[in-house]
Amino acid sequence: MQPDWIRTRSLLDVAIVTVVSIIALWMTEFYLSLLWNLDDRGFSELSHRLPYWDFTNLWAGSRMAIDGHVVTLFDVEAYRAALRAMFSPDLPNQEWSYPPNILLLGVPLATLPILPAYLIWTFGTVLCLWLAIRPLKLGAALELAIVLSPAVIWNSVFGQNGALTTALLIGGLAVAPRRPLLAGILFGLLTIKPHLGILVPFCLLASGNWRAILAAIGTSVVIALATGLFFGFDVWRLFLTETRPLMTAIMEAPYPQPYQYNAITVFFTARAVGAGVTSAYGVQAVATIASIAAAIWLWRPGRVVSHQERVVLTAVLAILATPYGYTYDTIGVAVAVAMLAAMVSRPPRLILAICWLGPFVVHFFTWGGYCVAVLIPLFLAAWMLHSIWTRGRKAQLSGEPSLA
């Protein structure tokens, strides 16, 4: 079953797209000019650190691994001292926060100077995103709206890996029915940020895709072994005993912290409205269980839903399922907005425009005490689930056969 695409465009559609595009271009120029406006220390006016921002960690950590100092990554004070020795004694505190298997991607980049490495990383991961959304058959205009979306720009501003992880998640889900081995490989690679793949096992189990499951397990094992062979198997122990507790402490830190202003999960929202750590975990557990249940329902055979909708909705649910996520992880939301914008049954155009622009503006609301960021994926997920459920009910009442 294919989505019910709109065949014509009204003047209102053109007007909204024009206005939103102008706003997006202006904000892109605003953020990028601030990012690359450097002081005499080489720090960005936007981030007050190196303009490569989070990419600095991947590049520098991989550089340390090349030089035989991989253990430094797991010692916070030694790591910060090494960063300051590399870049500037005034560099603000940063932490190594990744599973060690990401070094397999970072080491080749770290053989280059940081600026070309950053450019290759940024444009290369966006290229991966474009390749991943191609199987959705959304059309050139919508694909362009995704790869140039505020979520992608914000991800690039941070020097983050959101474009890559979204590519692995959506790409794997998109090809899973027809190319399960490739899907499993992509899911195995997603272990560089495993909390974004919480729903993947449930989707594969619900659809009975055992080949993809086995391929994902096999790929994960190979990657873990390769990481151990190249960097020493002790890196996995250190990740569990040092990095994992560190990141948990960062996530559970008292609200507000500066980095929490870009958070977009149910857990962080609960913290922002005054919930304690235990209560916030409880609320997040409800959201996670609900997302898992929705994914299982969505991926079971016989559902009246197109594969495109199934894939994109799962990417939105993935944001609601994890306690740890930021605006640069919401590229899946941009994919959902682009797809919904081209469908006959869709939310109001203005709401879609707000959702698309969200990554550029939600932190302003958070600074003012209004933690609305999570409402965007929550609204889109609810709308899509209701639309799919309603369509299924109509088909059932009319006696039409269900289509997977």
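This is a predicted model: local features need pLDDT of at least 70, side-chain atom pairs count only at pLDDT 80 or more; totals for chains, interfaces and linings use all residues.
## A walk from one threonine outwards

Residues are numbered from 1 along each chain as its sequence is written, and side-chain values use heavy atoms, with hydrogens and water left out.

Thr166 belongs to helix H8, residues 162-175; helices here are DSSP runs (H or I, at least four residues), numbered from the N terminus. Thr166 counts as buried because its relative accessibility is 7%, where buried means under 20% relative accessible area, exposed over 50%, and partly exposed in between (1.4 Å probe, protein chains only). Leaving aside residues up to four places away in sequence, Thr166 touches Leu129, Gly171, Ile331 and Gly332, a contact being heavy atoms within 4.5 Å.

Thr288 lies in helix H14, residues 277-299, and its side chain reaches the backbone oxygen of Ala321 at 2.7 Å. With a relative accessible area of 16%, Thr288 is buried.

Now for the inside of the protein. The largest nonpolar core holds 130 residues, and Phe55, Leu129, Leu136 and Leu380 have the most contacts inside it. Helix H15 (residues 307-321) gives the most to this core, with ten residues. Such a core is a set of buried Ala, Val, Leu, Ile, Met, Phe, Trp, Tyr and Cys residues joined through side-chain atoms within 4.5 Å. Beyond residues up to four places away in sequence, the neighbours that Phe55 touches include Leu109, Trp121 and Phe158.

What about charged partners? There are eight salt bridges, each one a side-chain nitrogen of Lys or Arg within 4 Å of a carboxyl oxygen of Asp or Glu. One of them joins Arg391 and Glu309, at 2.9 Å from N to O. Arg391 is in helix H18 (residues 375-398) and Glu309 in helix H15, so this pair ties together parts that are 82 residues apart in sequence. Another links Asp329 with Lys193, whose closest N and O atoms are 3.3 Å apart. Asp329 sits in the loop between H15 and helix H16 (331-341), and Lys193 in the loop between H9 and H10, so their bridge connects parts that are 136 residues apart in sequence. Both Asp329 and Lys193 are buried.

Glu77 and Arg80 form a salt bridge too, at 3.5 Å from N to O. They are three residues apart in helix H3 (residues 76-86), so about one helical turn separates them. An α-helix has 3.6 residues a turn, so residues three or four places apart point the same way. Even so, Glu77 counts as exposed, at 54% relative accessibility, whereas Arg80 counts as buried, at 13%.

Finally, look at helix H5 (residues 114-133), which is where Phe123 is found. Phe123 counts as exposed because its relative accessibility is 59%.

Note on methods
Helices (H or I, at least four residues) and strands (E, at least two) are DSSP runs, numbered from the N terminus. A polar contact is a pair of N or O atoms within 3.5 Å; within protein, one must be able to donate a hydrogen and the other to accept it, and residues adjacent in sequence count only if both atoms are side-chain atoms.
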